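Please study the sequence and the three-dimensional model shown below.

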Amino acid sequence: MSELKGNSNNTLFSPYKMGRFDLSHRVVLAPMTRCRALNGVPNAGLAEYYAQRTTPGGFLITEGTMISPESAGFPHVPGIYTDEQVEAWKQVVEAVHAKGGFIFCQLWHVGRASHSLYQPNGGSPISSTDKPLSERWQVLLPDGSHGKYPKPRRLEASEIPQVVDDYRKSAMNAIRAGFDGIEIHGAHGYLIDQFLKNGINDRTDQYGGSIPNRCRFLLQVVKGVVSAIGASKVSVRMSPAIDHLDATDSDPLSLGLAVVDLLNKLQNENGSKLAYLHVTQPRYYAVKNESGKQSSDEEEAKLMKSLRMAYNGTFMSSGGFDKKLGMQAVQQGDTDLVSYGRLFIANPDLVSRFKIDAKLNKYDRKTFYTQDPVLGYTDYPFLAPISRL
């Protein structure tokens, strides 16, 4: 089915026109929490980190960026809701643009995946529900230890417009900071996903129950942001079949198609396409088993292909890709762009290494969420220059 959108001549290194952006290749830096923005303010370390991973015509997405003081759930993650933060982001954006890259800011609210230690005045995190996360999950606390997720506070319907406005204002701030656009984080068990998934959302008002009701919050956020900065600078990330942070749904295919349908309709109403739709696929779907054969669940394969075929615009995939799987996905038309996370952490020159099949650096998981401005952040080695005779 996906071959209808494919071109077997395309590879990860083929150029791609994403709306108004002329990309030189299809390897994207995925958004990843790194905890290096001390006290929520971007610094020179972030500028170096993103610049290292920039290629001319390459596309990058920032780590999840707080839209309000209530939106944090990790230590030292950047925000974009104050003038100080906006000014600080400018050095990051300028560093990427100086190397010819494009960069979107991912707007993030963790919802119930937070702790009172991150909340103003020690309050309860907000969510679609008052159900806490199960003990399967632990929150990373400011001192580096882990703790139990607390019971969240269910948002009143009357409070939701204020949260929507936080997204809208943050999108405008991102454009002020020079970003080329924004990505709305609607995936991975964070606030928007907490409204989308019926494994979490137990509301009985206009934001709960039916799929259209559960999609209402996301739709309001997208409309608010599009009205502020224009559709071509807006994108959405979703993960209908990912159970991260207890984010399960009884019918992920129907949910995913409903989100796609509302985005398509919104694009038709505006007469302008969103920049892209970013979908995280189940990790095991894109990971090889020990026999070397790609693991694949028929239902999950159907979901990803169905979303790809249904969406009217640029489609980006993430989740367990290596070079081979990324090449296959592009060549078969299963996606337009592939975002890479952990491989890009350890290989700032990942695109160059992919091109020449060079050996990849191994990432060190222990340094993913430290506050060191260099260790495990900007100190991964580049390929040695090729000597010329």
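Q: How many helices and strands does the protein chain have?
A: The model is a predicted one. Its secondary structure comprises both kinds of element, and the count for the protein chain is eleven helices and 14 strands.

Q: What radius of gyration does the protein chain have, and what would a compact globule have?
A: The C-alpha trace spans about 70 × 45 × 45 Å along its principal axes. For 389 residues, a compact globule would have a radius of gyration near 21 Å.

Q: What percentage of the residues in the protein chain is buried?
A: A residue counts as buried when its relative accessible area is under 20%. The accessible surface of the protein chain comes to about 15,900 Å², and 51% of it belongs to carbon and sulfur atoms. Of the 389 residues, the buried ones make up 58%.

Q: Which residues of β4 stand opposite V28 and L29?
A: Strand β3 (residues 27-29) pairs with strand β4 (residues 59-66) in the parallel sense over two bridges. V28 stands opposite F59 in β4. L29 stands opposite L60.

Q: Which residue of β5 is the bridge partner of M66?
A: Strands β4 and β5 run parallel and are joined by six bridges. F59 stands opposite F102 in β5. For M66, the bridge partner in β5 is W108.

Q: Which residues of β5 lie on each of its two covered faces?
A: In a regular strand the side chains alternate between the two faces of the sheet. Seven of the seven residues of β5 (residues 102-108) are buried, so this strand is largely enclosed by the rest of the structure. Eight of the eight residues of β4 are likewise buried, so β4 too is largely enclosed. In β5, one side carries F102, F104, Q106 and W108, and the other carries I103, C105 and L107.

Q: Which residues does Y167 touch, not counting residues up to four places away in sequence?
A: The largest nonpolar core has 84 residues, and Y167 is among those with the most contacts inside it, together with I182, I184, F217 and Y340. A second, separate core of 17 residues includes F74, L133, V139 and L140. With those up to four places away in sequence left out, the residues that Y167 touches are I67, L107, H109, I184, I192, F217, V221 and V225.

How values were computed. Residues are numbered from 1 along each chain as its sequence is written. This is a predicted model: local features need pLDDT of at least 70, side-chain atom pairs count only at pLDDT 80 or more; totals for chains, interfaces and linings use all residues. Side-chain values use heavy atoms; hydrogens and water are left out. Two strands pair if DSSP finds at least two bridges between them. Helices (H or I, at least four residues) and strands (E, at least two) are DSSP runs, numbered from the N terminus. The radius of gyration is taken over C-alpha atoms; the globule rule is 2.2 Å times the number of residues to the power 0.38. Buried means under 20% relative accessible area, exposed over 50%, partly exposed in between (1.4 Å probe, protein chains only). Accessible areas come from the Shrake-Rupley method with a 1.4 Å probe; for residues, only the protein chains shown count as cover. A nonpolar core is a set of buried Ala, Val, Leu, Ile, Met, Phe, Trp, Tyr and Cys residues joined through side-chain atoms within 4.5 Å. Contact means heavy atoms within 4.5 Å.
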